[in-house]
Amino acid sequence: MNLTPAGIFDVIAAIAFGAALGQALRLPAKKTSWEAKALFCLGLMMFMIVCVVNFLENSGISTGFAGYEDFSKILFLLLLMFFLYALGTRREINRRAESEKQLLASRQEYQSILNNIGIAVALLDSNMRIVSINRQMESSFPKIDFKTKPLCHNRFDPPHPTPCPNCPVEKTLKDGLVHEAIIVKKKDFENISYRIIASPLIDRTGKTVGVIELVEDVTEKLKSETHVRMLQSAVEQSSEGLAVLDQDGTIVFANDALAKMHGYEPAEVIGKSVSIFHTRDQMEYEVLPFTQQVTQIGSARAEIHHMRRGGAVFPTLMSSVIFKDQEGNVAGRVTTVTDITEHKQATEALRKSDDKFRALAETSLDWLWEYDENYIFRYVSPRIQNILGYQSGEVVGKSLFDFVAPDEVGRLKNILQTNPPKPINQLEAKYLAKEGKIVVLDTSGVPFFDASGRFRGYRGISRDITIRKQAEEGLQSALEKARELEEIVNRGFAIAWLWKAEKNWPVEFVSDNISQFGYTVEEFTSGQVSFSDLIYEKDRARVIMEVNQHIEAHEEDFLQTYRIKTKSGAIRWVEDHTWFRQDPSGEVTHFQGMTIDITKRKQAEATRRKLETQMQRMQKLESLSILAGGVAHDFNNLLMIITGNADLGLMDAPQDSTQAEILQEIKDAAVRASKLSNQMRAYSGQGHVGMEQVVLNDIVTEMLRLLKSSIPKKIQLECDFSNNLPFIEADTSQINQVVMNLVINASEAIGDNEGTISIRTDTFEATSEYLAKTHLDENLPTGPYVLLEVSDTGCGMNAETQEKIFDPFFTTKFIGRGLGLAAVFGIIRGHRGAIRVISEPSQGCTFQVLFPLGKETAKLQASPANTNVREWKGHGTVLVVDDEKSFLNVASIILKRSGFEVATAEDGRQAVDYFNRYHDQVVAVLLDMSMPVMGGEETFAELRKIDDSVPVFLCSGFSEQDAARHFSGGGLAGFLQKPFQIDTLLSVLRKVMEP
Amino acid sequence: MSEAEELTVAIFGLAFVVAIFVQLRSLQMRELIFFFAGAVLIFSASVFVILEKTGWEEAFKLMEHLCYASAGICFLVGCSLLGRRFKDEHGGAS
């Protein structure tokens, strides 16, 4: 073995590595890892072996491992690096674990601090996301889920859509400074105020990386501050003076009111003694005793007089209370001063008012009273003596119910004993007066209470309304009667009115039966319809004028008749009994009246008037007819004499002689007079003598043929005749006269103008209404008639003219006899027909004539005259009976010339006597109808009794109809209408004697 | 061993030394400076092995083994100090 320096180094190295191995093995594995420690130890051991091998090699002892030296070095360095890496890793792990542990501890500590700090704290990052909050924050905002909504405070409750522009967190994040704000949140219907303080979190570089947000509930604090400010404001603005004095009476504080009360500014009095507010006497006699009382008792209250700047003295109510410092020593006193000048004045006014009230109560006509909670009277005014008859002293101390009528006690108790007590308002009740009579009182009152709110009784007033109640009962009774009367009125025909004497007469009352005119009561009372509106327009002015006239004449009660217009527009006649009402000055204020519908009465009156008119007309007509008939009769008798004598004279006078001409003129005049007489008879309805069954068309056609030449050429004649016209029973000559008169009348109505006359015939069904419009409405039967209608386009007539056109001698023409239409009228009347006139001025005129249909009647036919009858000679005796001697003479001459013996009698008795003796010699009897002693009819009857074989001829100035009426039994041989011709007489006799 | 192999070992050794240096810097433990020194000495030994071929063989060889011995001492000190540190840390922690 060769020990070299290198070998020594190897030994040292081997020992060193071995020692290092030993140290390495003792290293704690948890500081590295056991794998790294093992490998490191393996490396040390391997290198130690290398060093041993090197020693052996260097010592000349070959081991055969020399080739692995370099490999071992590399491996060792590798293991060393691995070990160091493991060591570093473990160390880092341990360091981190330690740091985390410390951080956790630190955080817990921090959280503990935050949770107990009493302020809600949140840690926000730079994005305003909540990193951490404390328990206070959670409890302050329990509804917020900070994990899901980790936003700034403005998003807490309720969430804000956008950040608040005044958000202190945002400001802090922006400028890195501390900001704060007050926000108000509603919580459980209460506003909660939060103060938000945002402090920046700054990193090492000075950059703001987050915000510490402090949220403090300052609601109470703000309230307290507000209260303090309010108190301060109240003290400063109080109307009462307030001062704080120190122990020496120096003013430490004085509010504005106190200073102003005394005429100073607050700054002027602070630091001054209270003596500036008082005179010397006030200080000595009022303030000092008051101050002593405050010092002794601790507080005091008294009326103290003060003095203003300038010396004016005024009363005050002063209160003082001492206050102590922290050690309990009296530090001063607080004094309030109230100026009671107005209070004093008010008290004085109240006292005067109380005096007035008492005087009022003593003198009032009403009874004033007060009773306690047990309804025991404590005060009654003296007026009770006049109302109930008691003295005040008799009532005070007694119960209310002692004076109430027994039957009212229960009711009053129910009303009064309510809980809580209620005011009494016009409570009517019966009371018992001292002398026992019932008095009705109207009572009003109010409950009163003591300071604690306890009911202490009632105060009120009662009024005697006994007389009023009696009056009301009377009024009620009167109203009931009025209602009954109104009911009676409403059920009656008369409408009751009350209307104002104002424009249009507005109605205040109208009875319900106004409904008979279609109106309602409301239409009048509402003003929709006035009384004047009701009156027919054409009568309104007259009614108003009449009313005014009655007022001027002071006729309070008057009757009026006028027309009113119903709601449907119908016109009704009413009779209004009106009277008016005046005010004390005499001014008419109202009208009252009763209105009755008299329309039916009016209609009845009109009908009656019409009937009366018709009756008068008929009577006039009858009188005129009788007059005309009588005149015609006598006239005919005279004409008979004239005609007969003229005929006799002509028979004796030489033909063509002057005497014959004169006699012929006399005869012609007599004939014209006879025609006039016939017209008179026609007017009287007696003119027709030849009644026969005829067709109207035939008569009219024949008549028109004759009339055409008489009608001016300018007038056109139009005919419209109905075929198959039924027969009528008529006197042809009279119908001719009717046609002629009507056509001539139409022609004259047209005059010289151009025009048309229309003539129409037809059958016509006459109704009662139509017949009522006709003349000669003498109860003609309704039914078929034959119509003759003559129309013209002439000047027409007014109603007045139409009424008179049938009167005799009435004419509208310059000339005329005035008997034309009168004759038509008489003829139609004689034919039991009717005539109607339809005309208007300038509208032409239409005459409608109705003829009854024909029927068989007794017909007395006069024998036609025979031209050669004068040559005929009769024989035997003709008895001529007439009261007219001239007629007897003429008739005797004529008959004697014709060969007859003539016997005359001036009355019926003579005729009967003669006929009784010589009836076998009598061949014919000419019998007058109207005679004295015995009339023609009676005479005829007597003659028939004696001998009915002798023919009897009736000679009369009356018409054949009259004769036929009187001799309805028949037996007459013929009728001779006076005046008759000789030929006519002889023809009749010849026909009888030579049948 | 050939020269190439020795050179390769030296290069690897240098690389490991650099790596160990970087690791030690991050650990920031003063005790480990001895480990680094030991590693540098082992690397130095590799360098001396190469230098033996260039001349002064004995001298360099002596230096080589001196490096081994020094390295061993460095590791011994390092391990001792490290063990004491771990012990102190453990004790402080407890």
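Which residue follows α3(A) with a positive phi? That residue is Gly118(A), whose phi is near 85 degrees, and I will come back to the helix before it after a word on what we are looking at. This is a predicted model, in which local features need pLDDT of at least 70 and side-chain atom pairs count only at pLDDT 80 or more, while totals for chains, interfaces and linings use all residues. Residues are numbered from 1 along each chain as its sequence is written, and chains are lettered from A and ligands numbered from 1 in the order in which they are written.

Let me begin with α3(A). The 48 residues of α3(A) reach 69 Å from the first C-alpha to the last, close to the 70 Å expected at 1.5 Å a residue, where the expected span is 1.5 Å times one less than the number of residues. Helix α17 of chain A, residues 537-552, can be checked in the same manner: its 16 residues should span 22 Å, and its end C-alpha atoms are 23 Å apart, which agrees. Just after α17(A), His554(A) takes a positive phi of about 55 degrees.

Now to the partner chain. Chain B has 3 helices and 0 strands, in the pattern α-α-α along the sequence. Of its 94 residues, 43% are buried, where buried means that 20 or more other C-beta atoms, placed from the backbone, lie within 10 Å of the residue's own, exposed means 12 or fewer, and partly exposed is in between. Two residues are in contact if their C-beta atoms, placed from the backbone, lie within 7 Å, and among the contacts in chain B with a separation of 6 or more, 64% join residues 24 or more positions apart.

How do the chains meet? In all, 33 residues of chain A are in contact with 36 residues of chain B. On the chain A side, the elements that give two or more residues are α1 (5-26), α2 (34-58) and α3 (69-116). That side divides into 23 nonpolar, 4 polar and 6 charged residues, counting Ala, Val, Leu, Ile, Met, Phe, Trp, Tyr, Cys and Pro as nonpolar, Asp, Glu, Lys and Arg as charged, and the others, Gly among them, as polar.

A nonpolar core here is a set of buried Ala, Val, Leu, Ile, Met, Phe, Trp, Tyr and Cys residues joined through C-beta atoms within 7 Å. The largest has 58 residues, of which Phe17(A), Leu44(A), Leu80(A) and Phe75(B) touch the most other members. At least two residues of this core come from each of α1, α2 and α3 of chain A and α1 (3-27), α2 (33-52) and α3 (57-93) of chain B, and α3(B) gives the most, with 13 residues. Beyond its neighbours within four places in sequence, Phe17(A) is in contact with residues including Leu44(A), Phe47(A), Gly72(B) and Phe75(B). A second, separate core of 51 residues includes Met680(A), Leu879(A), Val912(A) and Ile982(A).

Turning to the strands, which pair if DSSP finds at least two bridges between them, chain A has an open sheet of 5 strands in the order β2-β1-β5-β4-β3, with antiparallel pairing. Its edges are β2 (130-133) and β3 (179-187) of chain A, each with a single partner strand, so one side of each is left without a neighbour in the sheet. Strands β4 (residues 190-202) and β5 (residues 208-217) of chain A pair over 9 bridges, and Tyr194(A) has Asp217(A) in β5(A) as its bridge partner.

Further along, β11 (residues 367-372) and β12 (residues 377-380) of chain A pair in the antiparallel sense over 3 bridges. Their hairpin has 4 residues between the strands, and Tyr375(A) takes a positive phi near 60 degrees there.

Leu365(A), in the loop between α10 (341-363) and β11 of chain A, counts as exposed, with 9 C-beta neighbours inside 10 Å.
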